[in-house]
Amino acid sequence: MDPENDRFKELDALITEALKEKPEWELSLSFTDTLLRKVEKRLTWRELIREFAMKTGIVAGALIILTVCLIFPVRESINPFLLLVVDHWQLVAGAGFLILFTFFSDQVLLKFYSKQRLFSDPRS
């Protein structure tokens with residue numbers, strides 16, 4: 001006799017016995033609706049954040065390539081624009097943060113809450 005086959009038969013008998021028993025508690029009638037809503041929210045968040053990360057990565061990559069193309073050819077001479085950016089790095093970082101926050105709000109938060117309004121249950 002194959003010991004692995006015996007384990008499968010035992011497991012099959014255990015599952016069959018468990019399915020024949022009455023449950024200790026019953027699920028509410030709205031259990032599947034609630035579960036599906038939660039799964040839908042989680043999947044929507046993942047999708048929107050993945051799209052946001054991809055768009056942000058594309059923009060950041062384009063800006064990095066542009067910066068490299070502008071800085072390396074004029075490396076020997078002092079670029080006044082580069083000095084301005086270095087002197088006011090707090091202002092540049094703050095403006096970048098505001099732009100990123102606005103983009104996140106537009107691409108993720110507004111889309112998420114507008115989708116939730118479309119898919120919300122009219123009974124609730």
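Visitor: Which residues make the nonpolar surface patch, and what is its area?

Guide: This is a predicted model, in which local features need pLDDT of at least 70, side-chain atom pairs count only at pLDDT 80 or more, and totals for chains, interfaces and linings use all residues. Residues are numbered from 1 along each chain as its sequence is written, and side-chain values use heavy atoms, with hydrogens and water left out. A patch joins nonpolar side chains (Val, Leu, Ile, Met, Phe, Trp, Tyr) within 5 Å, taken from residues with over 30% relative accessible area and no salt bridge, a salt bridge being a Lys or Arg side-chain nitrogen within 4 Å of an Asp or Glu carboxyl oxygen. Here Trp25, Leu27, Phe31, Leu35, Val39 and Leu43 make a patch of about 620 Å².

Visitor: Is Thr44 buried or exposed?

Guide: Buried means under 20% relative accessible area, exposed over 50%, and partly exposed in between, with a 1.4 Å probe and protein chains only. Thr44 has 10% relative accessibility, so Thr44 counts as buried.

Visitor: Which residues does Thr44 touch, not counting those up to four places away in sequence?

Guide: Contact means heavy atoms within 4.5 Å. With residues up to four places away in sequence not counted, Thr44 touches Phe112 and Lys115.

Visitor: How are the rings of Phe52 and Phe104 arranged?

Guide: Rings of Phe, Tyr and Trp (its six-membered ring) pair if their centres lie within 6.5 Å, with planes under 30 degrees apart counted as stacked, over 60 as edge-to-face and the rest as tilted. The centres of Phe52 and Phe104 are 5.1 Å apart and their planes are at 80 degrees, so the pair is edge-to-face.

Definitions and conventions:
Patch = residues over 30% accessible without salt bridge, like charges linked within 9 Å, V, L, I, M, F, W, Y side chains within 5 Å. Areas by Shrake-Rupley, 256 points an atom, 1.4 Å probe, with all protein chains shown as cover.
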